[in-house]
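Let us walk through this structure together, one stop at a time. Please keep the sequence and the 3D view open as you read.

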Amino acid sequence: MRSFFVVGLMGVLALAGCRGDRSDSEATTVDGSVTISGDDAVVAELNWTPPPVVIAEDGDADALAQARAALDADDLYATSTSAIPLYLALARRPDSADAALSGLRQARTRLLALGAQALVEADTLDSIAGLRAAHDFAAVARYLDAGDADVVRYLERVDVSDRLWELNRGAERALQAGELGEAGGGALALFREAATLRPGQPRALQGMAAVESAMIRRAEVAADAADYSGGTRWLAHAATIRPGFPTVSDAGQRLERMREAHIRRLRDEGVDALGGINGVVVARERLAQIIGIARTGDPVVSDLRQRIDRAVHYGDFRPGQVFTDALEGGARGPQVVVLPHGGFMMGALPGDRDAADNESPRHAVRFERGFAMGVREVSVGEFRRFVDATGYQSRAVRRGFSLAYDERTGNFLRRSNVDWRSDYVGRPAGDTMPVLHVSAKDAQAYVDWLSTQSGRRYRLPSEAEFEYAFRNGTAERYPWGEGTPPDGAGNMTGALDRSPGGRAWGNAFPDYEDGYWGPAPVGSFEPNTWGVHDLAGNVSEWMADCWHATYRRAPGDGSAWVNPGCRDQVIRGGSWASSPAQTRTSWRALAQVDTTNARLGFRVVREL
């Protein structure tokens with residue numbers, strides 16, 4: 001045993017000497033091939049020369065003790081006081097050779113164990129320091145006994161780690177150069193080889209995920225250019241990389257949403273074009289574009305084709321038609337009426353003595369398509385159905401108060417525990433009363449819920465839609481013209497009205513009385529000629545528009561004028577407590593979106 005081990009050591013010394021001219025910029029494998037070089041090279045060789053050791057003539061015992069202590073501390077080879085250099089020197093001294101060779105065997109075992117740890121760090125943590133350390137351990141182990149089976153296995157593992165590092169570096173360079181490998185080769189092939197060489201190796205797995213992400217990005221770029229077929233091909237390549245992972249499926253859903261959004265945009269452009277000059281020509285162009293990107297059987301194609309064939313403004317409805325949508329669970333939504341498409345002049349009439357600057361400039365608005373508006377204001381019962389279904393807490397509920405009418409002072413005062421369930425003075429409200437004490441956000445939450453429940457788009461009216469419906473084909477300050485409203489025209493401030501305590505309005509329509517002090521149940525008065533109740537009175541209503549001080553640059557298509565994140569929205573229409581000037585068709589005011597009080601409610605618009 002002793003003679004074999006010494007021969008093994010001398011053979012290693014001879015082999016090490018013949019390879020001692022290898023440059024420091026490259027690392028070699030067992031077979032002498034260069035595996036890593038360049039800026040991130042492993043600066044190590046499979047060659048090692050023991051540091052010179054000097055032991056006193058009678059110092060064997062001390063040197064053995066020093067070597068033992070170094071071995072226990074894992075100080076194996078770096079200096080002349082490390083375990084292996086000391087044991088090598090002692091192995092040449094007859095009195096300590098047996099102990100030294102035993103120590104060398106233990107040191108070699110520990111060396112290989114530390115080397116194995118370094119390889120794990122190199123392979124699993126992607127550590128260049130670990131790979132360098134593994135090379136250092138390999139050089140020492142090879143010096144000790146290159147023919148030992150454990151050493152050979154370890155050197156083979158080092159060779160695999162070198163190859164793994166080389167593959168990953170080459171793959172990363174190919175990835176950076178955009179050579180993904182969708183047609184073979186490239187980054188994907190190299191990362192796959194690395195993953196085969198060392199299953200589960202994080203760097204290779206992360207690299208394959210990066211290739212997958214790059215292919216997904218190319219699919220998205222193709223979709224951005226309306227090349228959905230190309231996007232689908234890139235996703236098909238990506239799907240082969242990590243089967244079972246959800247990333248490609250998620251990307252496919254994103255691309256489908258992009259396709260659907262593109263189709264919807266083209267469809268909307270086609271629908272919007274119908275009724276205008278050359279509208280059918282434009283709509284057919286959009287239809288051809290949709291057919292080019294849609295999947296076979298996409299219902300949007302037949303929908304637009306039917307709309308083009310009909311070439312009408314109302315789809316499946318007709319002007320004046322009253323209907324409700326079914327909601328989930330069997331309930332019905334608010335009753336709405338289809339208003340005719342057309343145009344009008346929006347804003348204050350010239351010479352209107354009560355007009356404010358915010359009602360101008362007067363401008364043309366045209367609705368190329370009809371819309372359906374709530375026949376009545378949203379009632380307490382309708383809002384209750386929403387709250388019961390969702391558990392929604394309105395603004396007034398959350399803060400614990402709202403503004404209610406105070407009979408004693410004749411003013412609107414803050415009152416605790418007043419919310420959407422309350423009437424104008426804070427008492428419990430009946431289900432047929434218009435819902436009060438709701439903010440713009442509360443109203444928006446309700447219409448969003450209706451949209452979800454019905455599968456149709458509900459929203460707040462734009463102020464252009466409200467004024468259009470309010471005027472219902474007239475061009476006067478009031479829908480009835482000038483002066484006192486006709487009997488039964490609506491719940492407005494009349495000089496003959498009296499509160500429960502005997503109060504009268506200081507600014508009211510002369511000789512008018514409607515029989516209510518406070519809101520009336522929704523729909524209590526006759527509708528206008530288009531079938532809509534209470535636009536002139538009862539409660540003022542939230543609009544979808546953000547507040548703008550004038551109509552300069554206002555939309556001409558009747559859509560809401562919205563700035564994301566605005567804090568003030570428009571209110572429209574007179575209320576039971578509004579002055580005659582505030583009951584005009586062009587009157588508008590602003591309110592913070594969290595405002596709640598006893599004069600303010602809302603109604604819905606349903607898109608056709």
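We start at a cysteine: C566 has a relative accessibility of 23%, so this residue counts as partly exposed (buried means under 20% relative accessible area, exposed over 50%, and partly exposed in between, with a 1.4 Å probe and protein chains only). C546, in contrast, is buried, because its relative accessible area is 1%.

Before going on, a word about what you are looking at. This is a predicted model, in which local features need pLDDT of at least 70 and side-chain atom pairs count only at pLDDT 80 or more, while totals for chains, interfaces and linings use all residues. Residues are numbered from 1 along each chain as its sequence is written, and side-chain values use heavy atoms, with hydrogens and water left out.

What do C546 and C566 form? They form a disulfide, with their sulfur atoms 2.0 Å apart; the term stands for a pair of cysteine sulfur atoms within 2.5 Å. A disulfide is a covalent bond between the sulfur atoms of two cysteines. The torsion about the S-S bond of C546 and C566 is about -75°, so this disulfide is left-handed. The pair links distant parts of the chain, 20 residues apart: C546 sits in strand 11 (residues 540–546), and C566 in the loop between strand 11 and strand 12 (568–572). Helices (H or I, at least four residues) and strands (E, at least two) are DSSP runs, numbered from the N terminus. A search of the whole structure finds 1 disulfide.

Strand 11 and strand 14 run parallel and are joined by 2 bridges, and S540 stands opposite L600 in strand 14.

Another open sheet has 5 strands in the order 3-4-7-15-10, and its pairing is antiparallel. Its edge strands, each pairing on one side only, are strand 3 (322–323) and strand 10 (458–459). Strand 10 pairs with strand 15 (residues 605–606) in the antiparallel sense over 2 bridges, and Y458 stands opposite R606 in strand 15.

Just after helix 16, N472 takes a positive phi of about 35°.

Next come the open spaces. On a 1 Å grid over the protein atoms alone, a cavity is a set of points where a 1.4 Å probe fits but cannot get out, and a pocket is an open set with protein on both sides within 12 Å along at least five of seven lines; lining residues have an atom within 4 Å of a point. Grid points are joined across faces, edges and corners, and a volume is the space filled by probe spheres set on the points.

How much space lies in the largest pocket? About 1200 Å³ lies there. Of the 41 residues that line this pocket, R369, R457, R459, E607 and L608 are the closest to its centre. The elements that give two or more residues to the lining include helix 10 (247–273), helix 12 (299–310) and strand 11. By class, this lining has 14 nonpolar, 10 polar and 17 charged residues (Ala, Val, Leu, Ile, Met, Phe, Trp, Tyr, Cys and Pro count as nonpolar, Asp, Glu, Lys and Arg as charged, and the others, Gly among them, as polar).

The second largest pocket has a volume of about 330 Å³. Of its 19 lining residues, I571, A591, T595, N597 and R599 lie nearest its centre. Strand 13 provides the largest share of this lining, 4 residues.

Finally, the structure holds 3 cavities of 30 Å³ or more. The largest cavity contains about 60 Å³ of space, and its lining includes E463 and A464, along with D545 and W561. The second largest cavity contains about 50 Å³, and helix 6 gives the most to its lining, with 4 residues.

Notes:
Pairing = 2+ DSSP bridges.
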